[in-house]
Amino acid sequence: MADTKRKQKLLIVGAGGHAVSCIDVVEQQGVYDILGLVGLPEEVGKKVLGYEVLGTDQDLPYLNQYAEAALIAVGQIKTIAPRREIAIQLLELGFTVPVVVSPHAYVSEHAQLGAGTIVMHGAIINANVRIGNFAIINSKALLEHDVQVGEFCHVSTMASINGSCRVGDNCFIGSQACIQDGLIIGSNSVIASNSLLRKNLSEGSSFVGHNNSKND
Ligand SMILES: CC(=O)SCCNC(=O)CCNC(=O)[C@H](O)C(C)(C)COP(=O)(O)OP(=O)(O)OC[C@H]1O[C@@H](n2cnc3c(N)ncnc32)[C@H](O)[C@@H]1OP(=O)(O)O
């Protein structure tokens, strides 16, 4: 018998590069039908991978009639402000904010993912990992056993967060950064791509390079 179960409609909020990657993950996951995107005024009408930018964030109340769920697909490097503002708006309007996980990622059954979080292709999330709401776990990122990552964090492509690390809220971990096991990274920190972190970081830190020496 044909599968008549209707897929839930999902709105993609954001229409740039990160949105392109998010669409691919949503399509591969196969759980939602993408209604379209929300973008900047100058992006309205353009198509991204065949999906139309239907309006701006001003149109979210209207679009909510046609899509129950929404995914924030605005990227995040130096500031989380746009993602946080959109999250507040979506929750106030009553959108559901699902967890989106690529079928090409490995997520342990013993891991917990917060609402609105996306896990992209090739990521590995090992046992006992806990991730907060609205995080981006980008392609091929590795979160090892017992890691905790707060809300609104972006763990970028191929970054490695080793066992038992604790990352606060609103952090950016750049592409291919490596965090030694057991470290604590304070909230609102930015770690540049390719960095090697061997010591804790206090809240609001900006870190570039390698802190190899005990005297750093
Ligand atoms: C799928 C995706 O695309 S996800 C996105 C993936 N992208 C990334 O991971 C890259 C993210 N960006 C970074 O890591 C940036 O370096 C940031 C955000 C930490 C800092 O950016 P900015 O504030 O613009 O700093 P800027 O690029 O001007 O560099 C400042 C200085 O630090 C140096 N620097 C910056 N990044 C690095 C790095 N990763 N390693 C070594 N040195 C660096 C620069 O050479 C520059 O040095 P100078 O002042 O002597 O010239």
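These exercises work through salt bridges, a ligand site and selected residues of one predicted model.

Residues are numbered from 1 along each chain as its sequence is written, and side-chain values use heavy atoms, without hydrogens or water. In this predicted model, local features need pLDDT of at least 70 and side-chain atom pairs count only at pLDDT 80 or more, while totals for chains, interfaces and linings use all residues.

**Exercise 1. Salt bridges**

Solution. 

Step 1. Set the rule. A salt bridge is a side-chain nitrogen of Lys or Arg within 4 Å of a carboxyl oxygen of Asp or Glu. Side chains of opposite charge can pair when their charged atoms come close.

Step 2. Count. The rule gives 2 salt bridges.

Step 3. Take the pair E68 and R6. Their side chains meet with N to O at 3.4 Å. E68 sits in the loop between α2 (60-63) and β5 (69-72), and R6 in the segment before β1 (8-13), so the bridge ties together parts 62 residues apart in sequence. Helices (H or I, at least four residues) and strands (E, at least two) are DSSP runs, numbered from the N terminus.

Step 4. Check exposure for this pair. Buried means under 20% relative accessible area, exposed over 50%, and partly exposed in between (1.4 Å probe, protein chains only). E68 has 29% relative accessibility, so it counts as partly exposed. R6 has 61%, so it counts as exposed.

Step 5. Take the pair E151 and R84. The closest N and O atoms are 3.3 Å apart. E151 lies in the loop between β14 (148-149) and β15 (154-155), and R84 in helix α3 (residues 81-93), so this pair ties together parts 67 residues apart in sequence.

Step 6. E151 is partly exposed at 25%. R84 is also partly exposed, at 28%.

**Exercise 2. The ligand site**

Solution. 

Step 1. Read the contacts. A polar contact is a pair of N or O atoms within 3.5 Å; within protein, one must be able to donate a hydrogen and the other to accept it, and residues adjacent in sequence count only if both atoms are side-chain atoms. K78 uses a side-chain N or O atom, 2.9 Å from an oxygen atom of the ligand. S175 places a backbone N or O atom 2.7 Å from a ligand oxygen atom. For S193, a backbone N or O atom is 2.6 Å from a nitrogen atom of the ligand.

Step 2. Read the area. The ligand alone exposes 990 Å², and the protein buries 41% of that. Areas come from the Shrake-Rupley method with a 1.4 Å probe; for residues, only the protein chains shown count as cover.

**Exercise 3. Record annotations**

Solution. 

Step 1. UniProt lists residues 9-79 for "domain: PglD N-terminal" in an unreviewed entry. UniProt positions use the numbering given here, feature names are shortened, and annotations may be inferred rather than shown by experiment.

Step 2. Describe that stretch. Residues 9-79 are 24% helix and 32% strand, with end C-alpha atoms 29 Å apart.

Step 3. The unreviewed entry lists G75 as "binding site". G75 lies in the loop between β5 and α3. At 37% relative accessibility, G75 is partly exposed.

**Exercise 4. Backbone angles and C-alpha separations**

Solution. 

Step 1. M158 is not a glycine, yet its phi is positive, about 60°. M158 lies in the loop between β15 and β16 (160-161). It is partly exposed at 41%.

Step 2. N188 has a positive phi near 60° and is also not a glycine. Its loop runs between β20 (184-185) and β21 (190-191). N188 is partly exposed at 39%.

Step 3. I72 is in strand β5 and is buried at 2%.
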